[in-house]
Amino acid sequence: MKIGFAGLGVMGGPMARHLVEAGHDVSGFNRSPDKARAWADATGGRFAATVEQAAADAELFILCVGNDDDVREVVAAALPSLAGGAVIVDHTTTSARVAREMADRATGQGAFFIDAPVSGGQAGAETGQLSVMAGGDADALARVEPVLMHYAKAVKLMGPPGAGQLTKMVNQIAIAGVVQGLAEAVHFAQSAGLDTDAVYEAISKGAAQSWQMDNRWKTAAAGQFDFGFAVDWMRKDLGLVLDEARSNGARLDLTTLVDGFYAEVQTMGGARWDTSSLAARLQRH
């Protein structure tokens with residue numbers, strides 16, 4: 001398939017590489033041209049100097065960029081250059097509002113837009129084990145799902161445009177609460193003078209077990225917070241969550257609290273630490 005890919009960062013770069021390795025004709029664009037050239041040199045993909053060049057005659061156009069405004073800008077540039085009936089798949093985490101807006105815009109120009117945020121982080125992108133939650137046209141998604149499976153372990157259609165983004169918000173709400181609980185558990189164990197490795201062995205096979213515990217307990221206990229998804233990114237996502245909650249009336253007491261805790265971590269210099277750095281805030285006290 002002829003594919004355009006915009007956004008070759010820590011997530012998009014590996015995802016686009018998987019597509020090249022699978023034999024697809026991939027043109028990669030990045031706002032920093034040097035990064036796009038390096039990606040093309042490393043993978044054998046095509047370098048695109050502009051969004052329009054990446055999108056030229058593409059049957060599938062994928063983007064993994066920063067925020068709502070970035071999505072609007074890239075989609076506006078790409079749409080006129082795409083092949084007729086092309087599918088746009090957006091892996092950016094955005095508001096549900098912009099997903100619906102882009103779906104309407106794509107439909108008006110003979111294309112399809114799928115909001116398809118992912119879970120699994122940089123490691124999932126590298127290993128091709130991402131989970132994709134999608135919103136949009138079922139037939140359009142079915143057409144491109146085999147391509148997405150080159151870097152995903154699961155693709156699930158959640159409903160109409162925006163439903164993928166709303167599901168990603170649910171994901172981030174759940175993570176925020178679990179990571180705060182993990183941080184407090186580690187902090188309590190250390191304050192009580194317990195051997196945190198022994199505590200992990202005692203509780204990690206029971207009801208307390210979680211992905212966060214298995215992957216972040218020991219590093220959080222050691223004060224190590226350089227493992228992927230940054231606090232800045234989590235605060236962006238939680239901002240989207242809280243904005244949506246103000247619209248739909250959901251009460252998110254814990255999420256609001258944890259967002260404030262992440263703001264404290266930012267003031268500590270932890271903007272680029274990973275999300276388990278909530279433990280650093282407690283260790284400081």
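I'll start with Gln-224, which touches Thr-219, Asp-274 and Ser-276, leaving aside residues up to four places away in sequence; touching, or contact, means heavy atoms within 4.5 Å. Between Gln-224 and Ser-276 there are 52 residues in sequence and 8.9 Å in space, C-alpha to C-alpha. Gln-224 sits in the loop between H10 and H11. Helices here are DSSP runs of H or I with at least four residues, strands are runs of E with at least two, and both are numbered from the N terminus. With a relative accessible area of 40%, Gln-224 is partly exposed. Buried means under 20% relative accessible area, exposed means over 50%, and partly exposed is in between, with a 1.4 Å probe and protein chains only.

Before going on, the ground rules. This is a predicted model, in which local features need pLDDT of at least 70 and side-chain atom pairs count only at pLDDT 80 or more, while totals for chains, interfaces and linings use all residues. Residues are numbered from 1 along each chain as its sequence is written, and side-chain values use heavy atoms, with hydrogens and water left out.

In that loop between H10 (211-221) and H11 (231-248) we also find Asp-226. Asp-226 has a relative accessible area of 66%, so it is exposed. Asp-226 is 62 residues from Gly-164 in sequence and 28 Å from it in space, C-alpha to C-alpha.

On to Ser-204, in the loop between H9 (196-203) and H10. Is Ser-204 buried or exposed? It is buried, because its relative accessible area is 3%. A polar atom of the Ser-204 side chain lies 2.7 Å from the backbone oxygen of Tyr-200. The side chains of Ser-204 and Lys-205 make a polar contact at 3.4 Å. A polar contact is a pair of N or O atoms within 3.5 Å; within protein, one must be able to donate a hydrogen and the other to accept it, and residues adjacent in sequence count only if both atoms are side-chain atoms. Further along the sequence, Ser-204 touches Gln-209, Met-213 and Asp-214, with residues up to four places away not counted.

His-24 is in the loop between H1 (12-21) and S2 (25-29). Its relative accessibility is 16%, so His-24 counts as buried. The side chain of His-24 is in polar contact with that of His-150, at 3.3 Å. Beyond four places in sequence, His-24 touches Met-1, Ile-3, Leu-19, Val-147 and His-150.

Asp-57 is in the loop between H3 (51-55) and S4. Asp-57 is not a glycine, yet its phi is positive, at about 60°. At 52% relative accessibility, Asp-57 is counted as exposed.

Next, H4, residues 68-78. Asn-67 caps its N-terminal end, with a side-chain oxygen 3.1 Å from the backbone nitrogen of Asp-69. Which residues of H4 are buried? They are Asp-68, Asp-70, Val-71, Val-74, Val-75, Ala-77 and Ala-78.

The axis of H4 comes within 10 Å of the axis of H5 (residues 96-108), and the two cross at roughly 10°. H4 is therefore roughly parallel to H5. Axes are lines fitted to C-alpha atoms, for helices over the stretch in contact, with angles from 0 to 180 degrees between N-to-C directions. Under 35 degrees counts as roughly parallel, over 145 as roughly antiparallel, 65 to 115 as roughly perpendicular, and the rest as oblique. H4 contributes Asp-68, Val-71, Arg-72, Val-75 and Ala-76 to the contact, and H5 contributes Arg-97, Val-98, Glu-101, Met-102 and Arg-105. By type, the contact residues are five nonpolar, no polar and five charged. Here Ala, Val, Leu, Ile, Met, Phe, Trp, Tyr, Cys and Pro count as nonpolar, Asp, Glu, Lys and Arg as charged, and the others, Gly among them, as polar.

Last, the cores. In soluble globular proteins, nonpolar side chains tend to be buried together. A nonpolar core is a set of buried Ala, Val, Leu, Ile, Met, Phe, Trp, Tyr and Cys residues joined through side-chain atoms within 4.5 Å. The largest has 32 residues, of which Phe-5, Leu-19, Leu-60, Ile-62, Val-89, Ile-114 and Leu-148 touch the most other members. Among the elements giving two or more residues to this core are S1 (2-6), H1, H2 (33-43) and S9 (152-159). Which element gives the most? H7 does, with five residues. Val-89 touches Leu-60, Phe-61, Ile-62, Leu-63, Ile-114, Ala-116, Val-144 and Leu-148, again not counting residues up to four places away in sequence. A second, separate core has 25 residues, including Leu-63, Ala-77, Ala-78 and Ala-86.
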